[in-house]
Amino acid sequence: GDDRRREIAAKWREIAAEENGLGGKTALRQLLAAARFYVRQRLSEIDRPTLVIYGDEDVFVPQKNSRVIFERLPNAFLKRIEGGGHEVMLDQGEALKKALDEFIHMCSR
């Protein structure tokens, strides 16, 4: 809820203030997008196979959010990427590629 949004906003302000950070405009856009992102009620409408991926070291989004999304999608698969942070594609690119390859292979059968 509101506490989590305040926590995320504080993290984005911290990133924006870093010398090599995102910059104020980009951080503000990301913050606004995160604050407006609320689709839990509509997840059950997605009936296609869906891979929900999360990094087990993500400090921005609680891991329980991935579980909630997974549970609300009727045809979902859940994949935990060890050592992956919020930017799992940068932290664990090979593990992410492997997970995607396995999912695509499974869906193409």
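## Salt bridges in the predicted model

Lys97 is partly exposed, at 46% relative accessible area. Here buried means under 20% relative accessible area, exposed over 50%, and partly exposed in between (1.4 Å probe, protein chains only). This is a predicted model, in which local features need pLDDT of at least 70, side-chain atom pairs count only at pLDDT 80 or more, and totals for chains, interfaces and linings use all residues. Residues are numbered from 1 along each chain as its sequence is written, and side-chain values use heavy atoms, with hydrogens and water left out.

Lys97 pairs with Asp101 in a salt bridge (a side-chain nitrogen of Lys or Arg within 4 Å of a carboxyl oxygen of Asp or Glu). Both residues lie in helix 5 (residues 93–107), four residues apart, about one turn of the helix. Helices (H or I, at least four residues) and strands (E, at least two) are DSSP runs, numbered from the N terminus. Asp101 is partly exposed too, at 39% relative accessibility.

The whole structure holds five salt bridges. Three of them are tabulated here.

| Salt bridge | Closest N to O |
|---|---|
| Asp56 and Arg80 | 2.9 Å |
| Glu82 and Arg80 | 4.0 Å |

Asp56, Arg80 and Glu82 form a network of salt bridges. Asp56 bridges to Arg80. This pair links distant parts of the chain, 24 residues apart: Asp56 is in the loop between strand 1 (50–55) and helix 3 (63–72), and Arg80 is in strand 2 (residues 76–81). Arg80 is partly exposed at 41% relative accessibility. Glu82 counts as exposed, at 57%.
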